[in-house]
Amino acid sequence: MLAWLKRAAIAAALLCACPVLADTSPTLTRPDVDAWLDGFMPYALQQGDIAGAVVVVVKDGSILTQRGFGYADLEAREPMDPERTVMRVGSISKLFTWTALMQLVERGQVALDADVNTYLDFQIPALDGEPITVRNLMTHTPGFEEQMKNALAYDPATAPRFETLLKQWIPKRIFAPGTTPAYSNYATALAGYIIQRVSGVPLDDYLDTQILGPLGMTSSTFRQPLPSELQPRMAKGYSAASGPARPFEIVGLAPAGALSATGTDIAKFMLAHLNQGRFGEAEILRPETAQLMHGTSLTILPRVDRMLLGFWEANYKGRRVIAHGGDTQWFHGDLRLYVDDGVGMFVVCNSMGKGMAAIDLRFELFEQFADRYLPVPGWSAGPGVDEQTARDHARLIAGRYVNSRRSDSSFMSLLNLASAIDVVDYHDGTIGVSMVRNGSGTPRRWREVEPFVWQLDGSSRLLSAEVRQGAVARFSFDEVSAFMVFERPSSARGGWLLPAFLASLVAMLVTTVAWPVSALIRRRYGITDRRSVGDIIAHRWLRIAAIATLVVWVAWAMTIGTMMSDLSKLSERLDGWLWILHIVSIVTVVGGVIAALWHANRVLRGQRRWYAKTWAIAMVAAMNVSLWLAVAYNVITSGVNY
């Protein structure tokens, strides 16, 4: 009897406690968010070697909280201040360009499905008779290859205007319009030029008067360099907090990434979009235009995030989220709007930190925020598939892929060789993707939740694949699927080429090292070289060709590495050196094949031993692989536009 009474008392106590427990669950209030951020941000900055960050949360038409963490200037020990500190926001700038373009659509001055050439004073060539539409620009599906030259500069006096860059070189179109997401700064800059042409005023002036001014964004500008009144408030950018401060970046294709803003100002823009285009008394878009912009999705792959008109989806566990990220060399930000909940969040860091620390911080911050304040109870990605199906599909998707956002017609396509994406079959029904790794550097596992849709372990992120004729042709996953996909490479650039090229370099290195080694051995032991003069000359030229070819490939690797480590070097300053490399490469790579064939012909027709003949054939193969790669990746066929 006493035991029963005890159990009843405990049960009654638990029932009474339930409302109390519910009341103590996290709620989206300023005190709770501030306490949560205080526990998250300082540790994340310290562990990631990130100098500073600003976080802003808006809710129900006003700023809920805005916080600065770390330093805007490490040397001066100037703290981050969301109201005062000006930060670069990278490609979040695109949202302002797209909003401006939608204003012109709203007024009937621009049509979404019109040929972009309608609004330009130069021509974008059609691809197989298909022009690019304004809608293609907004969904990153015009089909352009990546344009990299003049992406960033430090000297405003020598940095070309974005209008000049647009006309200077039109990137090759490598996809039919509307078919393949391939993120394009060039496409966004075209949109900016259309705004300028149609409105009849410079883009900076248009944005000032039509968006920044009406929203009261008085501490924000697209102008480069910054107006004098904002320069003292500009945060320093860093590669990492442990490194030196970096100079202010001049973004070449300005409409795609030139905005500098405070966190408080970005909050006003978020609130306007959450309120269907209105902020206070200002209306930057009509409600129907904002809804069109937020709700017009382009489905390329099922289940994963899609591109909208300017924004992209970043849906989380079934909750609708629209977003845009932004990165310069030194600043890294993200903006997300929980449109059905009236909530928005913005974060920007002034350094990448160790590895990809700023990117990891963004993902973790948004996921923890959503799980804490906007949970979706009982969410499931799917029921899963049977074990045999999972194994079969893992085998089908495994292999090497290239990014749709890539250089294709210039020597910069060599980056595709080094940055190919590998999908790994773990032979237990799960797969790994080389660019999605855990803290130890191992690819994380994805499990199939429905045919050809996988879910990342410990996350709601999904991966989706497209199957053609029984084979996986391409795939993508949440966070990038809206604006890039990963495709099987062409046979000319297949997975065989990289190992074959590395083997050819080893063969050339062995041939190079063998030259002085064999000479020393002959001298040491008094061995007489019994080869004919013709054989000796042919062998000598083969060795010279091997050395020269190695030097050329090392020169290309060092040149591209230098350019990518400091994007300001992607400019005309290196054109002379690039022309020299192109010319020397033609002579060296083609000459290497000729030298190898000459040498092999003499060895195979002579009385040399089997291993000498085998090595001669191997060197012919090595030099031909070198030539194949040079042609396939445009090392000897492109100029200095990239």
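**Hairpin of β14 and β15**

I started at the hairpin of β14 and β15, where four residues sit between the strands and G342 takes a positive phi near 70°. A note on what I'm reading: this is a predicted model, where local features need pLDDT of at least 70, side-chain atom pairs count only at pLDDT 80 or more, and totals for chains, interfaces and linings use all residues. Numbering runs from 1 along each chain as its sequence is written, and side-chain values use heavy atoms, with hydrogens and water left out.

Strand names follow DSSP runs, numbered from the N terminus (helices are H or I, at least four residues; strands are E, at least two). β14 and strand β15 (residues 343-349) pair in the antiparallel sense over seven bridges; pairing takes at least two DSSP bridges between two strands. I found L337 opposite G344 in β15.

**The other side of β14**

Next I looked at strand β13 (residues 322-327), which pairs with β14 in the antiparallel sense over six bridges. A hairpin of four residues joins β13 to β14. Here I322 stands opposite L337.

Is β14 buried or exposed? Seven of the seven residues of β14 (residues 332-338) are buried, so the strand is largely enclosed by the rest of the structure. Buried means under 20% relative accessible area (1.4 Å probe, protein chains only).

**S220**

I then went to S220, in the loop between α7 (203-212) and β6 (237-238). S220 is buried too, with a relative accessible area of 7%. S220 and T262 are 42 residues apart in sequence and 6.7 Å apart in space, C-alpha to C-alpha. Leaving aside neighbours within four places in sequence, S220 is in contact (heavy atoms within 4.5 Å) with L212, L230, L259, S260, A261, T262 and D265.

**α13 against α14**

Last, I checked a helix pair. The axes of helix α13 (residues 497-525) and helix α14 (residues 533-565) come within 9 Å and cross at roughly 130°. Axes are lines fitted to C-alpha atoms, for helices over the stretch in contact, and angles run from 0 to 180 degrees between N-to-C directions. α13 and α14 are therefore oblique to each other; oblique is what's left after under 35 degrees (roughly parallel), over 145 (roughly antiparallel) and 65 to 115 (roughly perpendicular).

Residues I noted in the contact include F501, L505 and W515 in α13, with I544, L550 and W553 among those in α14.

Notes:
Buried means under 20% relative accessible area, exposed over 50%, partly exposed in between (1.4 Å probe, protein chains only).
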